[in-house]
Amino acid sequence: MHFHGPIVRPPSDADSVFIEVTVGCTYDGCTFCNFYKDFPFRVAPLSQIEADLKEASKRWPHAKKIWANGGNPYALSVRKLEEIAKLFKKYMPQAQISTYARVDDFKHKSVEDIRHLGELGFNNLLIGIESGDDQVLKEVNKGYTVADILDMSQKLDEAGVNYRIIYLGGLAGKGRAEETAKRSVEVLNQMHPYLMYLTTLSVLPGTPLFNEMRNGKFIAHMPEQKKAVLNLLDEALSEITDADEVRIAAYRHNMVTVE
């Protein structure tokens, strides 16, 4: 198997077969991210993808899930994604394809393009919208706007393609959580993902946002609130019953596969 960069995937795709499709991110400009630092974007050769699929199909001939690895493989042309999807189908015909996409990956794909790729297997996309607040998106240099997010979601809805989104809590910084949450809710209520991951911002060393935090431009006080937050979590956990555990386990099982 060939991997030339980090494997970044959501928790629910941990049981997928990982196949490198691209390396790095086409954009790589978000101020909070260093996942693809020192890994310029490039496309894996079809010969490499096929060799990895051959190897993986021998070990997991009945695999149900493939994670097409890379920062945003959906940025590739429709023709290239068609070629990749046909290889996936050839070697792992029962597998559902999941992968990352950026909001702006949809700008040059029509509804028909998205529907066509969905029919070929690209029918479970994961998109990090991060926020529904234009001010926040601009400050962290996401490279797209709320209008772009809504245009993307409308295309996906019309194409009938399943998708998940990531919302990054804490990205607005101190004092703006309520304001940005209200703006984001207005956006989210117009979208139809089957799942939303609510993740919490980690300010990573070496990122522009980390420098902004050190310079006092961006303020986040979660470390100072750690004890209070842990106490609240302990209190909540103490109230979970055995029946709750069974219900939560069933929910986790049902969310990892889209029919």
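Guide: A crossing of two helices is called left-handed if the near helix is turned anticlockwise from the far one by less than a right angle, and right-handed if it is turned clockwise. Please keep in mind that the structure above is a predicted model.

Visitor: Which way does α3 cross α5, left-handed or right-handed?

Guide: The crossing of α3 past α5 is right-handed.

Visitor: What is the angle between α3 and α5, and how far apart are their axes?

Guide: The two helices pack at an angle of about 55°, and their axes are 8 Å apart. Helix α5 covers residues 146-159. The pair is therefore described as oblique.

Visitor: Which residues make that contact?

Guide: From α3 there are Val111, Ile114 and Arg115, and from α5 there are Lys155, Leu156, Glu158 and Ala159. Sorted by class, this contact of α3 with α5 has four nonpolar and three charged residues, with no polar ones.

Visitor: And how does α2 pack with α3?

Guide: Helix α2 (residues 78-91) packs with helix α3 (residues 111-120) at about 10°, with the axes 10 Å apart. That angle makes α2 roughly parallel to α3, because angles under 35 degrees count as roughly parallel. On the α2 side, the residues are Val78, Leu81, Glu82 and Ala85, and they meet Asp113, His116, Leu117 and Leu120 in α3. This contact of α2 with α3 has five nonpolar residues, one polar residue and two charged residues.

Visitor: What about α1 and α2, how do they pack?

Guide: Helix α1 (residues 46-59) and α2 have their axes 9 Å apart and pack at an angle of about 20°. That makes α1 roughly parallel to α2. Their crossing is right-handed. In α1, the residues Leu46, Ile49, Glu50, Leu53, Lys54 and Ser57 take part, and they meet Lys80, Glu83, Ile84, Leu87, Phe88, Lys90 and Tyr91 in α2. By class, the contact of α1 with α2 comprises seven nonpolar, one polar and five charged residues.

Visitor: Let us turn to the core. Which residues touch the most other members of the largest nonpolar core?

Guide: They are Phe88 and Ile127, in a core of 44 residues. Helix α2 gives the most to this core, namely seven residues.

Visitor: What does phenylalanine 88 contact, apart from its neighbours in sequence?

Guide: Setting aside residues within four places in sequence, phenylalanine 88 is in contact with Ile19, Val21, Ile49, Leu53, Ile66, Ala68, Pro93, Ile97 and Phe122.

Visitor: A new topic: which value does phi take at aspartate 38?

Guide: Phi of aspartate 38 is near 70°, a positive value in a residue other than glycine. For background, most residues other than glycine have a negative phi. Aspartate 38 sits in the loop between β2 (22-23) and β3 (42-43). With a relative accessible area of 67%, aspartate 38 is exposed.

Visitor: And glutamate 130, is that residue buried or exposed?

Guide: Glutamate 130 has 9% relative accessibility and so counts as buried, since buried means under 20%. Its phi is also positive, near 70°. Glutamate 130 is placed in strand β6, residues 122-130.

Visitor: Where is threonine 26, and what does it touch?

Guide: Threonine 26 is in the loop between β2 and β3. Its relative accessibility is 40%, so it counts as partly exposed. Not counting residues up to four places away in sequence, threonine 26 touches Phe41, Asn72, Ala75, Arg102 and Asp105. Its C-alpha atom is 18 Å from that of isoleucine 166, a residue 140 places away along the chain.

Visitor: Lastly, where does lysine 174 lie?

Guide: Lysine 174 lies in the loop between β7 (162-169) and α6 (177-188). It is exposed, at a relative accessible area of 57%. Between the C-alpha atoms of lysine 174 and alanine 220 there are 5.8 Å, while the two residues are 46 apart along the chain.

Notes: Residues numbered from 1 in each chain as written. Predicted model: local features only at pLDDT ≥ 70, side-chain atom pairs only at ≥ 80, totals over all residues. Heavy atoms only, no water. Axes fitted to C-alpha atoms, helices over the stretch in contact; angles between N-to-C directions. Helix = DSSP H or I, 4+ residues; strand = E, 2+ residues; numbered from the N terminus. Parallel < 35°, antiparallel > 145°, perpendicular 65-115°, else oblique. Contact = heavy atoms within 4.5 Å. Nonpolar A, V, L, I, M, F, W, Y, C, P; charged D, E, K, R; others polar. Core = buried A, V, L, I, M, F, W, Y, C linked by side-chain atoms within 4.5 Å. Buried < 20%, exposed > 50% of the residue type's maximum accessible area, 1.4 Å probe, protein only.
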